[in-house]
Amino acid sequence: MSLNNEVLNCIHERRSTRKFTEQQISSEQLDALLDAAIWAPSGGNNQSWLFTAIQKKSVLLHLNQLVYEGFQHWIPDDDYPGKHAMKKRSKQEGYNFYHNAPTLIIASNKPNYENAMADCALALQNIFLAAHTLGLGSCYINQLHWLRDDPSIRAYLLEMGIPKENTICACAAVGFIGKASPVPARKDGTIQIIR
Ligand SMILES: Cc1cc2nc3c(=O)[nH]c(=O)nc-3n(C[C@H](O)[C@H](O)[C@H](O)COP(=O)(O)O)c2cc1C
């Protein structure tokens with residue numbers, strides 16, 4: 001990379017963290033992450049997303065139990081290897097779908113809205129980059145998306161104020177980095193320039 005720029009450096013340096021310390025992030029940090037999320041672009045400026053941050057450990061652990069139980073009777077609807085791997089991983093001892101992060105932010109959006117995922121994904125990347133620049137680790141968490149129609153999970157999310165009609169797009173796990181993740185190499189042949 002020939003240009004030295006703070007944002008470009010942040011994009012390069014951000015990694016998916018899968019080992020966090022127990023220390024909770026500060027209120028100011030959480031506010032900054034949520035503010036970064038709502039400043040993402042959205043289709044037609046819809047801003048129809050909802051970001052639900054959970055920091056209460058008992059709530060996170062109960063959600064983890066529901067995700068574990070959900071995976072036991074979940075049948076992946078296609079052959080995407082990631083789905084099968086995720087189901088298999090849920091059987092491992094000490095399974096924790098959000099990597100024991102102290103903060104989990106659930107991104108949901110209105111149903112039947114074509115840009116629901118795109119808008120939330122852009123907002124999540126804002127969270128990941130903001131987390132990195134604040135010295136925090138973060139990780140995209142997909143399990144609640146796959147299990148978004150699980151009745152027990154939906155009932156619990158409804159208790160948290162996530163409307164039952166909202167589609168669960170994805171989550172961000174956030175906390176202080178316990179162990180740095182390796183830097184994955186970039187694949188060749190993924191860029192074309194027509195001049
Ligand atoms: C759509 C999507 C789903 C992902 N789901 C998960 C997940 O459920 N759990 C997880 O630990 N990482 C998940 N990741 C993180 C990827 O594994 C990670 O971005 C990739 O391995 C590259 O590593 P890096 O983010 O450190 O560059 C996901 C990433 C994306 C974009």
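Me: How many Å is an oxygen atom of the ligand from an N or O atom in the side chain of arginine 15?
Reply: Keep in mind that this is a predicted model. Arginine 15 belongs to the set of residues surrounding the ligand. From an N or O atom of the arginine 15 side chain to a ligand oxygen, the gap is 2.8 Å.

Me: And which residue has a polar side-chain atom 3.0 Å from an oxygen atom of the ligand?
Reply: Look again at the residues around the ligand, including Arg14, Arg15 and Gln143. For glutamine 143, the distance from a side-chain N or O atom to a ligand oxygen is 3.3 Å. The residue at 3.0 Å is arginine 14.

Me: How much of the ligand's accessible area does the protein cover?
Reply: On its own, the ligand has 630 Å² of accessible area. Of that, the protein covers 63%.

Me: Which strand gives the most to the shell around the ligand?
Reply: By class, that shell holds 5 nonpolar, 4 polar and 3 charged residues. Tyr140 and Ile141 are among the residues in it. The top contributor gives 3 residues and spans residues 137-141: strand 3.

Me: Is cysteine 169 buried or exposed?
Reply: Cysteine 169 sits in strand 4, residues 167-175. Beyond its neighbours within four places in sequence, it is in contact with residues including Ala107, Met117, Tyr140 and His145. Its relative accessible area is 1%, and the cut-off for that class is under 20%, so cysteine 169 is buried.

Me: What about asparagine 166, buried or exposed?
Reply: Asparagine 166 lies in the loop between helix 7 (151-159) and strand 4. Leaving out residues up to four places away in sequence, it touches Leu50, Ser108, Asn109, Lys110, Pro111 and Arg154. With 2% relative accessibility, against a cut-off of under 20%, asparagine 166 counts as buried.

Me: How many salt bridges are found in the whole structure, and which residues do they join into one network?
Reply: A search of the whole structure turns up 2 salt bridges. In one, aspartate 77 pairs with lysine 83, with the closest N and O atoms 2.5 Å apart. In the other, aspartate 78 pairs with lysine 83 at 3.2 Å. Shared partners tie them into one network of Asp77, Asp78 and Lys83.

Definitions and conventions
Residues are numbered from 1 along each chain as its sequence is written. This is a predicted model: local features need pLDDT of at least 70, side-chain atom pairs count only at pLDDT 80 or more; totals for chains, interfaces and linings use all residues. Side-chain values use heavy atoms; hydrogens and water are left out. A residue is near a molecule or strand if one of its heavy atoms lies within 4 Å of it. A polar contact is a pair of N or O atoms within 3.5 Å; within protein, one must be able to donate a hydrogen and the other to accept it, and residues adjacent in sequence count only if both atoms are side-chain atoms. Accessible areas come from the Shrake-Rupley method with a 1.4 Å probe; for residues, only the protein chains shown count as cover. Helices (H or I, at least four residues) and strands (E, at least two) are DSSP runs, numbered from the N terminus. Ala, Val, Leu, Ile, Met, Phe, Trp, Tyr, Cys and Pro count as nonpolar, Asp, Glu, Lys and Arg as charged, and the others, Gly among them, as polar. Buried means under 20% relative accessible area, exposed over 50%, partly exposed in between (1.4 Å probe, protein chains only). Contact means heavy atoms within 4.5 Å. A salt bridge is a side-chain nitrogen of Lys or Arg within 4 Å of a carboxyl oxygen of Asp or Glu.
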